[in-house]
Amino acid sequence: MKFTCERQELMEALSVAIKAVSSSPNSPILSGIQINAIPDEDGITGEIELRGTNNELYIVTRARAVVEEGGSIILSARYLYDFCRNFRGIDIIFQEDRGRNMVNISSGDAKCDLLTMTGEFPEPKQHQAAATFTAASGSFKKLISEVCFAAAQENEISGKAIFTGCLLDLDDTDINLVATNTHRLAIASGKVEGDGAKAQTIVPSRILAEIGRIMPDTDATITVDISRETVVFSFENMMIATSVIEGVFPDYRRVIPQELPIRATINRSLFQQAVTRASIIAKSSNIAFVVKLAFSQGIVVVSANSQAIGFAEDKIEAAIEGGDLTIAFNPDYLADAMKVMNGDEVIIDMSASLKPAIIREPENDSFRCVITPVRTKN
C-alpha cells in the first residue's frame, strides 16, 4: 500500500474517525484505526477510508488521496493521530513495508515508522432499515443541539438507561427529538423527507450530541436509517452508526402541560444573567439548589438565599399575563434551556407554583422545555 494525502484533509477525516476509538478498549484491535486505500480506475487517484469503532459507535470517513497501491492496514489511533498532527509538510506519504510489518509515514523532512496491528477489524453491523428519512444537515443539527442537554447523565439515574438517551420519534415527514432526566424534558420538532414509515428509537444522547457536532451546518443532505439495533447517519463523505438503547421511552406527550394561564415574556439576555448571578448563591446552599422567581406587576424578581453565604436578588421588567406567581427552579435547568435559544426574548408559561412550566421562544413551537419546579419552605 502506498498513498499521498494532503495533511489538512487527512487530519479532518482522522479527527472524526478517532472519536469512535475507546481510550480503554476491551480488545486491542479497537485501539486502532483501519485505513483502506482505494485507487480510482486510472490506478493513481483515489481515496482513503478511515474506520474507527468501540463496538457501540462505528465511524467511517473518507479523504481524497493519490493512491499508487491499494491496500488495508490498521495503525494505533493514538500514535497515528499524534504524528500526523505534528507534521508540518503540506502532504503526508504512507508506504507499507510488509516485510517488517511497518508503515513508513513521511512529510517534508520528517518521518516515522509505525508497526501495523494484526487482527480482524470489525465490520459495521448489517442492518435492515425499518424506516429512512433525509433532512438538511444544518436543520437536523439544530434539533440535536436543542434536546441532548436535557438527558440524564449515565451516573444520574441508576438502572434507567433510556433516560440517558434521546428519542427519535418519526412519523412520515414529522420528527420529534425528545430527551428527559425526569425533572426536565426538551422536545424539538421538525420536518423531514420520509418514506411513509413510523419509527421510535432511543439513541445515546452523548453520541447523538457528538454526531451533531460533526455534522456540517449546511443544507447538505443527511440520510438516517433506523433499524431495530442500529441508527446510521450518512452525510457528505462519512457514515456514523450507533447502537440504540433498548427499552420503551415514556409517553412524552402526557408530560407536556396543556393549561398554562400565566405567561411571562422576558428579555433573554437579562434573565440569563440574573439566573447566573443567583445561582452563585444557590450553589452554596445546603438546603436546595434553587432560584426563586416572583412574577408581579410587570416585574420578575430573581432571587436565591443561602444561610452559609447570603442573599442575591435581581429585578427585571417582564410582560406578565394571567396573574401573579412565585415559583422556584433548579437554575441550571433554566440556564441550559436558554443556551440553545437564539431570540431576544424568552417565554415562561406557568399554572401554579408546584406544577411544571414550559420555557420557550416567542412564535417558535418547534422547541419547548418542560421544567418541574422545586418545593421551597417559604
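The structure is a predicted model, in which local features need pLDDT of at least 70 and side-chain atom pairs count only at pLDDT 80 or more, while totals for chains, interfaces and linings use all residues. Residues are numbered from 1 along each chain as its sequence is written, and side-chain values use heavy atoms, with hydrogens and water left out.

The chain holds six helices and 25 strands; helices (H or I, at least four residues) and strands (E, at least two) are DSSP runs, numbered from the N terminus. Along the principal axes, the C-alpha atoms fill a box of roughly 80 × 50 × 35 Å. Of the 378 residues, 50% are buried, where buried means under 20% relative accessible area, exposed over 50% and partly exposed in between, with a 1.4 Å probe and protein chains only. A contact means heavy atoms within 4.5 Å. Among contacts with a separation of 6 or more, 66% join residues 24 or more positions apart.

The buried residues of H5 are Arg268, Phe271, Ala274, Val275, Ala278, Ser279, Ile281 and Ala282. They cover an arc of only 145° around the axis, which puts them on the same side of H5; the arc is that of the directions from the helix axis to the C-beta atoms. Their packing partners include strand E18 (262–267), strand E21 (310–321) and helix H6 (331–339). Helix H3 (residues 137–147) is mostly covered, with eight of its eleven residues buried. Phe140, Leu143 and Ile144 are among them.

Next come the empty spaces. Rolling a probe the size of a water molecule over the atoms shows where such space is left. On a 1 Å grid over the protein atoms alone, a cavity is a set of points where a 1.4 Å probe fits but cannot get out, and a pocket is an open set with protein on both sides within 12 Å along at least five of seven lines; lining residues have an atom within 4 Å of a point. Grid points are joined across faces, edges and corners, and a volume is the space filled by probe spheres set on the points.

The whole structure has one cavity of 30 Å³ or more. Phe329, Leu334 and Cys369 are among the lining residues, and the largest share, three residues, comes from strand E24.

The second largest pocket contains about 280 Å³ of space. Of its 14 lining residues, Arg228, Val244, Ile245, Glu246 and Gly247 lie nearest its centre.

Thr164, in the loop between H3 and strand E10 (165–171), counts as buried at 13% relative accessibility. Thr164 and Ile245 are 81 residues apart in sequence and 8.8 Å apart in space, C-alpha to C-alpha. Ser243, in strand E17 (residues 238–243), is also buried, with a relative accessible area of 16%.
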